[in-house]
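Here is a short briefing on one protein model and its ligand. Keep the structure open as you read.

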Amino acid sequence: MNRIHDLYRPLPERIRDFAEVERPLTDAELADQTARCLDCGQPFCHAYGCPLGNLVPDQNRAVARGDWRTAWDLLSANSDFPEFTSRVCPALCEGSCVHQLDAESVMIRQSEKRITDHAFAAGWVLPRPPATENGRSAAIVGAGPAGLSAAATLRRRGWDVTVYERRAAVGGLLRYGIPAFKLAKNLIDRRRLLLEAEGIRFVTSLEVGRDLSAGWLLRRHDAVVLAIGTPAARDLPIPGRTLPGVHLALDLLEGQNRHLAGELPAPPVDAAGKRVLVIGGGDTGSDCVGTAHRLGAAEVTQIEIMPKPPSERSPSTPWPLWPQMLRTSSSHLEGCTRRWSLNTLRFLGTDTLTGVEVETVDWTLTPDGRPSKFIPVPGTRETIPCDLCFLALGFTGVPADTPLLAQLGLTPTPRGTLPSDPARRIHCVGDCATGASLVVRALASGKALPL
Ligand SMILES: Cc1cc2nc3c(=O)[nH]c(=O)nc-3n(C[C@H](O)[C@H](O)[C@H](O)COP(=O)(O)OP(=O)(O)OC[C@H]3O[C@@H](n4cnc5c(N)ncnc54)[C@H](O)[C@@H]3O)c2cc1C
């Protein structure tokens, strides 16, 4: 038996709503899956793949024999927010599963999801306040996964913790970036209640650096933890960029999440009946594809400047590395033309967007198959007609003129990441410290605070 591929709710049903697309595996399906675990003597999933060091083989064994309580105790020993990772993690553990050498990896993320759902349903997930207070206080700036993880970790060690968040609600990109069809937002509210019951205070709708001085926070607290993410999206400053119809991906994704939460009266973009082009072939682009479908787009195309990845693991990422390979999301399965090796030259239109001019590029590959440089292919210019275009091109780091940086005397590195300064009691975690990454890495970074 291999992996189960029929994982999503029926397409005609899911395309009409923003509820989570994945169906839960049945206990029987999961027992079969976890029984596939080889219980390796040297478990790479646990020791190499998972940034949190989840005890995957032990969890799998417990699930296979239906012992959910033990599975939960093992999972929650390392993972403070499994309800998030079990829904949105690409599952780095699965990339280093030994089965990847000759078959398909065990469905570890699905197993984590069922363990967590069982635990919440059974009432096993309880606040874990510290046994004793340590008399020290920390201010955490940013309530994304890195900030939440830092807060939970410090509170457990007895710190008095206050989290400051500029948005109306906590969660960072979990709430405002990742679409609700991948992660239901009530799960973040449920977790906030647990953290508050542990004694963590949240102050929302307050931007540190603008509404409150970061210098004041540093004077008042024993430590300041910056978990502010990478707010600056990479733009595409080519002719026609200011035409109505050209948007950054987060304009769509954040706006739609805010609309669903009742923060905005209408969806941010009217995509009904429109031809949508997404530039950027990564996960954010895929999220735009799924969101555009649900807003009634007539057709959706996604283009990428990089070459089409191989359908199997690329030789540039041998096991147990996370495999570079073609990935097809639930949003792609909902209908999407995908094209690669296309460079975007200009946006076309007079009063509004009517299309995008692109050109095919030829990539030179390194001996192990990694794309290294490209040249345009003469005579390949063409127009892709579209009414809406979303730019999903990644993030450029923390801008040097972010007000709180001057207040703390902190300078970003040339890559736009923030260095910690432990001697001055300033610690940086998550995307702002590493560059744009993953939820699980942000969680691990908050948990690894040397305080
Ligand atoms: C569209 C999209 C989809 C993604 N999908 C996935 C996925 O499926 N799986 C995955 O693993 N990763 C995904 N990622 C990446 C993942 O969301 C990030 O790596 C992760 O959220 C980083 O966590 P963080 O806490 O460092 O930053 P963020 O989540 O960005 O949180 C930073 C928080 O700090 C707040 N803040 C910033 N400045 C201030 C200030 N001055 N005062 C107060 N508050 C402030 C922000 O409002 C925000 O809430 C996705 C990213 C995007 C953009």
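- Glu20 sits in the loop between α1 (11-14) and α2. Helices (H or I, at least four residues) and strands (E, at least two) are DSSP runs, numbered from the N terminus.
- Glu20 counts as buried because its relative accessibility is 17%. Buried means under 20% relative accessible area, exposed means over 50%, and partly exposed lies in between (1.4 Å probe, protein chains only).
- The side chains of Glu20 and Arg87 are joined by a polar contact of 2.9 Å. A polar contact is a pair of N or O atoms within 3.5 Å; within protein, one must be able to donate a hydrogen and the other to accept it, and residues adjacent in sequence count only if both atoms are side-chain atoms.
- Leaving out residues up to four places away in sequence, Glu20 touches residues including Arg9, Lys113, Phe181 and Lys182. Contact means heavy atoms within 4.5 Å.

**About the model**

- This is a predicted model, in which local features need pLDDT of at least 70 and side-chain atom pairs count only at pLDDT 80 or more, while totals for chains, interfaces and linings use all residues.
- Residues are numbered from 1 along each chain as its sequence is written, and side-chain values use heavy atoms, with hydrogens and water left out.

**The ligand**

- Which residues come nearest to the ligand? Of the 34 residues around the ligand, they are Val88, Glu165, Leu173, Val208 and Asp431. A residue is near a molecule or strand if one of its heavy atoms lies within 4 Å of it.
- By class, the shell around the ligand has 19 nonpolar, 8 polar and 7 charged residues. Ala, Val, Leu, Ile, Met, Phe, Trp, Tyr, Cys and Pro count as nonpolar, Asp, Glu, Lys and Arg as charged, and the others, Gly among them, as polar.
- A backbone N or O atom of Pro145 lies 3.3 Å from a ligand oxygen atom.
- For Lys182, a polar side-chain atom lies 3.0 Å from an oxygen atom of the ligand.
- Val208 has a polar backbone atom 2.9 Å from a nitrogen atom of the ligand.
- Taken alone, the ligand exposes 1,000 Å², and the protein buries 95% of that. Accessible areas come from the Shrake-Rupley method with a 1.4 Å probe; for residues, only the protein chains shown count as cover.
- Two or more residues of the shell around the ligand come from each of α9 (145-156), α14 (283-294) and α18.

**Helix α2**

- Glu29, Leu30, Gln33 and Thr34 are the buried residues of α2. They cover an arc of only 125° around the axis, which puts them on the same side of α2. The arc is that of the directions from the helix axis to the C-beta atoms.
- An α-helix has 3.6 residues a turn, so residues three or four places apart point the same way.
- Ala28 and Ala35 are exposed on the other side of α2.
- α4, α5 and α8 are what the buried residues of α2 pack against.

**Helix α5**

- The buried residues of α5 (residues 68-78) are Trp68, Ala71, Trp72, Leu75, Ser76 and Asn78. Down the helix axis they fall within an arc of 160°, so they line one face of α5.
- The cover over these buried residues of α5 includes α2 (27-35), α4 (56-64), α6 (82-88), α8 (108-122) and α18 (439-447).

**His293**

- His293 belongs to helix α14. Is His293 buried or exposed? His293 is buried, with a relative accessible area of 13%.
- Its contacts, not counting residues up to four places away in sequence, are Ile15, Val300, Ser331, Glu334 and Gly335.

**Loops and backbone**

- Trp319 and Pro320 are joined by a cis peptide bond, with omega about 10°. Pro320 lies in the loop between β7 (299-303) and α15 (330-333).
- Asp39 is not a glycine, yet has a positive phi of about 50°. Asp39 is in the loop between α2 and α3 (44-49), and counts as partly exposed at 36% relative accessibility.
- Ser205, also not a glycine, has a positive phi of about 55°. Its place is the loop between β3 (201-203) and α12 (214-220).
- Pro90 lies in the loop between α6 and α7 (92-95). Neighbours within four places in sequence aside, Pro90 is in contact with Trp322 and Leu438. Pro90 and Trp322 are 232 residues apart along the chain, with their C-alpha atoms separated by 9.6 Å.
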